[in-house]
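Here is a short report on a protein model.

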Amino acid sequence: MIKEVCVGDYRSALRALKHGANRLELNADLAQGGITPSIGVIQQTTQLAHQYNVPVIVMVRPRGGNFIYSNDKIEIMRLDAQKIAQVGADGIAIGILTSHRQIQTEQLLYVIKDLNIELVFHMAFDEISNQKLALQWLIEHNFQRILTHGGPLEQPLNIKHLQELIEQANNQIQILPGGGVTKKKCG
């Protein structure tokens, strides 16, 4: 079992690594649901994690709130994603939606174009109205994982829906339960 830990800074990354984390998701401002950390934090944390042979996935999100972004924010996300790849991170976690709660495919493809790193669609997935169609699109566009709570974050982890997603994924993409998953809640 892979133990992925969501961390908000270098210090918490070090703590997670010392406690056996197998993969890190690096964010800034976890109180806002996670946003893109600084390049310095990304570089230092990635170098540290690689000493433990642990991959680092970095959040690409220019602000908290919803997952609908202006063209200016999309360009910021594209530049951030390029820099994240250049400093050696192993992947990015990203999600861009339309106002109709679907993947904003054109903008997302623009941001990830020419990246040679792991792609994770983050918990914006939980807001998508047609998840079956979205899951298939993510498979077709080489995403490796979907981070999902299986439903709204304010509700308990939706195990039944997660099982349905895993079945639908058919080993073509990983379904990673997240959002409030802790040692206390999982045993």
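A crossing of two helices is left-handed if the near helix is turned anticlockwise from the far one by less than a right angle, and right-handed if it is turned clockwise. The model shown here is predicted.

**The helix pair**

H1 passes H2 in a right-handed crossing. Helix H1 covers residues 10–18, and helix H2 covers residues 39–51. Their axes lie 10 Å apart, at an angle of about 15 degrees. Angles under 35 degrees count as roughly parallel, so H1 and H2 are roughly parallel to each other.

Which residues make the contact? The table lists them by helix.

| Helix | Range | Residues in the contact |
|---|---|---|
| H1 | residues 10–18 | Tyr10, Ala13, Leu14, Leu17 |
| H2 | residues 39–51 | Val41, Gln44, Thr45, Leu48, Ala49 |

By class, seven residues in the contact of H1 with H2 are nonpolar and two are polar. No charged residues take part in the contact of H1 with H2.

**A residue in strand S1**

Glu4 sits in strand S1, which spans residues 4–7. Is Glu4 buried, exposed or partly exposed? Its relative accessibility is 23%, so Glu4 counts as partly exposed.

Leaving aside residues up to four places away in sequence, Glu4 touches Arg23, Glu25, Arg145 and Leu176. Take Arg23. Glu4 and Arg23 are 19 residues apart in sequence. In space, they are 4.5 Å apart, C-alpha to C-alpha. The side chains of Glu4 and Arg23 make a polar contact at 2.4 Å.

Definitions and conventions:
Residues are numbered from 1 along each chain as its sequence is written. This is a predicted model: local features need pLDDT of at least 70, side-chain atom pairs count only at pLDDT 80 or more; totals for chains, interfaces and linings use all residues. Side-chain values use heavy atoms; hydrogens and water are left out. Helices (H or I, at least four residues) and strands (E, at least two) are DSSP runs, numbered from the N terminus. Buried means under 20% relative accessible area, exposed over 50%, partly exposed in between (1.4 Å probe, protein chains only). Contact means heavy atoms within 4.5 Å. A polar contact is a pair of N or O atoms within 3.5 Å; within protein, one must be able to donate a hydrogen and the other to accept it, and residues adjacent in sequence count only if both atoms are side-chain atoms. Axes are lines fitted to C-alpha atoms, for helices over the stretch in contact, and angles run from 0 to 180 degrees between N-to-C directions. Angles under 35 degrees count as roughly parallel, over 145 as roughly antiparallel, 65 to 115 as roughly perpendicular and the rest as oblique. Ala, Val, Leu, Ile, Met, Phe, Trp, Tyr, Cys and Pro count as nonpolar, Asp, Glu, Lys and Arg as charged, and the others, Gly among them, as polar.
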